[in-house]
Amino acid sequence: MLRKWIRSLLAVGLVFGLAACSGTSDAKGKIVISGKKFTEQVILTHLLAEYVKANTDLDVEVKDSLGGAFMLQQAIENGDVDMYVEYTGTGYLNILKQPYDPKKTPEQIYNETKKLYKEKYNIAWLKPLGFNNTYALAMRRDLAEKLGVKTYSDLAKHSSSLTFGSDAEFFERSDGYDGLVDTYGFQFKKKVTIDPDLQYEAAKNGEIDVITAYTTDARIKKYDLVVLKDDKQYFPPYHAVPIIRQEVLDANPGLEEKLNKLANILTDEKMMELNGQVNLERKQPREVAINFLKSEGLID
């Protein structure tokens with residue numbers, strides 16, 4: 001009786017052990033696609049999802065607006081998310097904790113990031129989508145002209161009388177607020193934490209003087225905001241790249257080749273236009289993504 005009980009326990013343990021080691025088989029035939037919590041990322045989440053649905057037999061689950069870079073990194077490491085779009089500067093500085101050298105080209109940063117993600121996390125960086133959405137300090141045109149501000153260094157001279165606003169993650173990032181202040185010597189009168197999709201209107205209405213805009217956001221032009229020059233090259237390039245668990249690629253032969261057909265489909269201007277369709281024309285992100293894919297001949 002005792003031997004039978006021990007054999008049963010060993011059998012159960014073996015089953016659980018196999019289940020724990022069967023990640024590749026679990027990754028076959030399905031994919032969870034996610035993104036960060038701002039307009040551009042929601043559009044890109046649906047762009048990836050609709051493309052995969054139309055061009056593969058995979059069962060696609062969408063989890064849009066999941067959170068910031070750190071939350072998504074944890075989710076993809078845990079296997080709760082399989083793919084999303086990350087930005088080279090974010091991955092290089094914030095996730096990999098690599099020091100930024102302005103002399104490095106965008107291609108060098110991409111290649112190093114790709115290599116280190118594979119080695120450290122077994123996550124593959126696919127081919128870039130084609131646009132660079134970098135951080136930029138922006139302010140109302142009338143205020144910038146009144147103060148004679150064109151560069152970040154110009155801004156530093158007036159920062160003690162101005163309010164600064166950004167999303168919560170920017171105040172935590174290694175390429176965020178603290179490093180920016182150290183580089184330029186800013187001494188803002190007040191710091192405000194604000195949703196990234198609300199900051200543009202806040203700047204337009206004079207509720208905040210300086211914001212961290214995304215350069216592909218159509219509201220910069222719509223609200224007549226001025227993007228200042230990062231004259232000390234504090235911010236790195238942020239090229240948008242789909243990243244995916246290598247386990248999922250291994251379990252689904254041919255998937256990487258199909259996903260890489262999305263390489264260079266977007267420019268800064270095209271991404272700004274898509275963002276504007278959502279933020280200014282009030283279209284749904286999924287609708288915008290589908291229409292774009294159809295216009296590019298990527299789905300029927």
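**Aromatic pairs, a helix crossing and a buried proline**

The structure holds 19 aromatic pairs, and since the model shown here is a predicted one, every value that follows is computed from its atoms. A pair of aromatic rings is described by the distance of the centres and the angle of the planes. Tyr117 and Tyr121 give one example, an edge-to-face pair whose ring centres are 5.4 Å apart and whose planes stand at 65° to each other. Both of these tyrosines belong to helix 6 (residues 106-121), where they are four residues apart, which is about one turn of the helix. Is Tyr117 buried or exposed? Tyr117 has a relative accessible area of 0% and is therefore buried, because buried means under 20%.

Another of the aromatic pairs joins Phe164 and Tyr177, and this one is tilted, with 5.2 Å from centre to centre and 50° between the planes. Phe164 is found in strand 6 (residues 163-166) while Tyr177 is found in helix 9 (residues 177-184), so the pair ties together parts that are 13 residues apart in sequence. Phe164 is buried, with a relative accessible area of 0%, and Tyr177 is buried as well, with a value of 8%. A ring can also have a charge over its face, as the reader may see at Tyr223, where Lys204 lies over the face at 4.5 Å from the ring centre.

We turn next from rings to helices. Two packed helices are described by the angle between their axes and the distance between the axes. For helix 3 (residues 39-55) and helix 14 (residues 268-279), the axes come within 9 Å and cross at roughly 105°, which means that helix 3 is roughly perpendicular to helix 14. Where they meet, helix 3 brings Thr39, Glu40, Ile43 and Leu44, and helix 14 brings Met271, Leu274, Asn275, Val278 and Asn279. Sorted by class, this contact has five nonpolar, three polar and one charged residues.

Finally, consider Pro196, which is placed in the loop between strand 7 (190-193) and helix 10 (199-204). With a relative accessibility of 10%, Pro196 counts as buried. Which residues is Pro196 in contact with, leaving aside its neighbours within four places in sequence? They are Lys37, Phe38, Asp167, Tyr214 and Arg219. Tyr51, by comparison, is 145 residues from Pro196 in sequence, and the C-alpha atoms of Tyr51 and Pro196 are 27 Å apart in space.

Conventions
Residues numbered from 1 in each chain as written. Predicted model: local features only at pLDDT ≥ 70, side-chain atom pairs only at ≥ 80, totals over all residues. Heavy atoms only, no water. Axes fitted to C-alpha atoms, helices over the stretch in contact; angles between N-to-C directions. Helix = DSSP H or I, 4+ residues; strand = E, 2+ residues; numbered from the N terminus. Parallel < 35°, antiparallel > 145°, perpendicular 65-115°, else oblique. Contact = heavy atoms within 4.5 Å. Nonpolar A, V, L, I, M, F, W, Y, C, P; charged D, E, K, R; others polar. Phe/Tyr/Trp six-rings, centres within 6.5 Å; stacked < 30°, edge-to-face > 60°. Buried < 20%, exposed > 50% of the residue type's maximum accessible area, 1.4 Å probe, protein only. Lys NZ or Arg CZ within 6 Å of the ring centre and 35° of its normal.
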